[in-house]
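Please take them point by point.

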Amino acid sequence: MFAGRRAEIDFLEHYYGEEGSQLLVLYGIRGIGKTEILKEFVKDRTSSYYAAKSCSEAEQIYEWSAELQDVAQDNSTVTALSGYSDILNKIFPASNDKKILIIDEFQYIVKSSESFFAELAAFVDGRRLSRPVFIVLLSSAAGWIENSMVDIIGTSAAYIDGFMKVKEMSFPNMLEIFPKYSREDAVKNYMVLGGIPGLWQSFDAGVDFRENVIRNILCRESRLYWEMSAYLSGELRETAVYSTLLVNIARGFCRLNDIYGITGFSRAKISVYLKNLMELDLIEKVYSGVYHITNPYVKFYFRFLFPNKSLLEMLSPEEFYDLKISRDFDRFANEDYSRICRQVFADELGDAYEVSQWRGRDGVIDIVAVDAESKRAAGKCIFYRKADIGDYRQLLADAKSAGIVVDRAVLYSERGFSDELADLSRNGSVELKSIYNMEKGKLGG
């Protein structure tokens, strides 16, 4: 099985198995694995792939024509086809075999051509009953897909048969894809890079977490050093405003009133910009007026790199890591640790339980799991210190406040457990778990 992407493969297989032609949109942030999903899907199938460029319509048509000529091993002078309809007819000759076309970053074509999507829709519609085609449009511009695309392409949007957003992969899935990391390094990688395979590919399993951050994030020559500024400028206008909001949320100013007080922006302006960040899956509203950064690399960048740019320029990467990151990383990572623990616990329980987090105004329960018979498990996750009896009592108190009857209590920690907790564990009152010490293939214990 293609690790962690069964739902996406099934989505494509479902539509491919239908009669006639189909037009699909698959989107998600850069590096999430869209192209790899399509590579897996088109194995042993006839397909054509084009990576659109950010350029004029005339240049786009020339580039695509040149690539088709290369595929045909035609070494003569490139002759640009007259338009997108000609390109589509060249890719899909008269045949009853269902050929696949993948257009990557198709938003670049739409933004430079008023006619492209209408031509594409007409072409697909003309092949609905005979000579079927299967076209998949890929995009990393998630915000544009969700908020602007339909307005731009108008009635042609009705010809799209299906949309699917490719989401971040879970920690257990990342362990399957990158099995060579120690459990400790894998946990820390996920805290910084999240479930984005494209970011993990910049790391090296042959060195530890500290060395990977030094080499592949803090060095100016590394891709990840520039990743965040390139991403924000590519997705958003007025990056100065967005950076101001993100760095202050990363500092802990998560309430709307706090953000208003420290930035001086109007509440109306802040609300609009926060909405845009939520649409990009960079932040979430935890409850009314409270926001958290959801993308781990965004949080890491704005917690450590952005506010310390001068030190980053003046110190060596090693000095910067030891001075700014090593000292504060454990507390920074505690929230992402609870997210990893939820995913690991959900993987252990399987589909029988629904696993989530409970947040109230006065407390948080890191893990809440409920099965079909309403049996409940509740858990607390502590990354930066040893768990003690107070954590167990706080878990039960928070559960009582939330109206949750706990049938199974769980504590996760990577710094060990107190003797009192060990005694409670022996009599079955609480389960004590560590991800660092779990056996390979057994994520829950």
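1. Before anything else, please keep in mind that this is a predicted model. The largest share of the lining of the largest cavity comes from helix α13 (residues 223–235), which supplies three residues.

2. How many cavities of 30 Å³ or more does the structure hold? There is one, and the space in the largest cavity comes to about 110 Å³. Sorted by class, its lining has six nonpolar residues, one polar residue and two charged ones.

3. Helix α19 (residues 317–349) deserves a look in your viewer. With 33 residues, a straight helix would span 48 Å at 1.5 Å a residue, yet α19 spans only 41 Å between its end C-alpha atoms. There is a bend of about 55° in α19 at Phe329. Just after the helix, Gly350 takes a positive phi of about 80°.

4. Phe329 turns up again in the surroundings of Phe209, a residue of helix α12 (residues 209–218). Leaving aside residues up to four places away in sequence, Phe209 touches Asp185, Lys188, Asn189, Val192, Tyr321 and Phe329. Is Phe209 buried or exposed? Phe209 counts as buried because its relative accessibility is 3%, under the 20% cut-off. Phe209 and Asn189 are 20 residues apart in sequence, with their C-alpha atoms 6.9 Å apart in space.

5. Helix α3 (residues 57–71) makes a handy comparison for span: its 15 residues reach 21 Å from first C-alpha to last, close to the 21 Å expected at 1.5 Å a residue. Its buried residues are Gln60, Ile61, Trp64, Ser65, Ala66, Leu68 and Gln69. Among the elements that cover them are β2 (47–51), α4 (84–91), β3 (99–104), α5 (107–112) and α6 (116–126).

6. Two backbone angles are worth checking by eye. Glu105 lies in the loop between β3 and α5, and its phi is near 50°, a positive value in a residue other than glycine. Glu105 counts as buried because its relative accessibility is 17%.

7. The other angle belongs to Ser374, in the loop between β9 (363–371) and β10 (376–382). Ser374 is not a glycine, although it has a positive phi of about 65°. With a relative accessible area of 41%, Ser374 is partly exposed.

How values were computed:
Residues numbered from 1 in each chain as written. Predicted model: local features only at pLDDT ≥ 70, side-chain atom pairs only at ≥ 80, totals over all residues. Heavy atoms only, no water. 1 Å grid on protein atoms, 1.4 Å probe; cavity = no way out; pocket = protein on both sides within 12 Å on 5 of 7 lines; lining within 4 Å. Points joined across faces, edges and corners; volume = space filled by probe spheres on them. Helix = DSSP H or I, 4+ residues; strand = E, 2+ residues; numbered from the N terminus. Nonpolar A, V, L, I, M, F, W, Y, C, P; charged D, E, K, R; others polar. Expected span 1.5 Å × (residues − 1). Bend = angle between axes of the 7 residues up to and from the residue. Buried < 20%, exposed > 50% of the residue type's maximum accessible area, 1.4 Å probe, protein only. Contact = heavy atoms within 4.5 Å.
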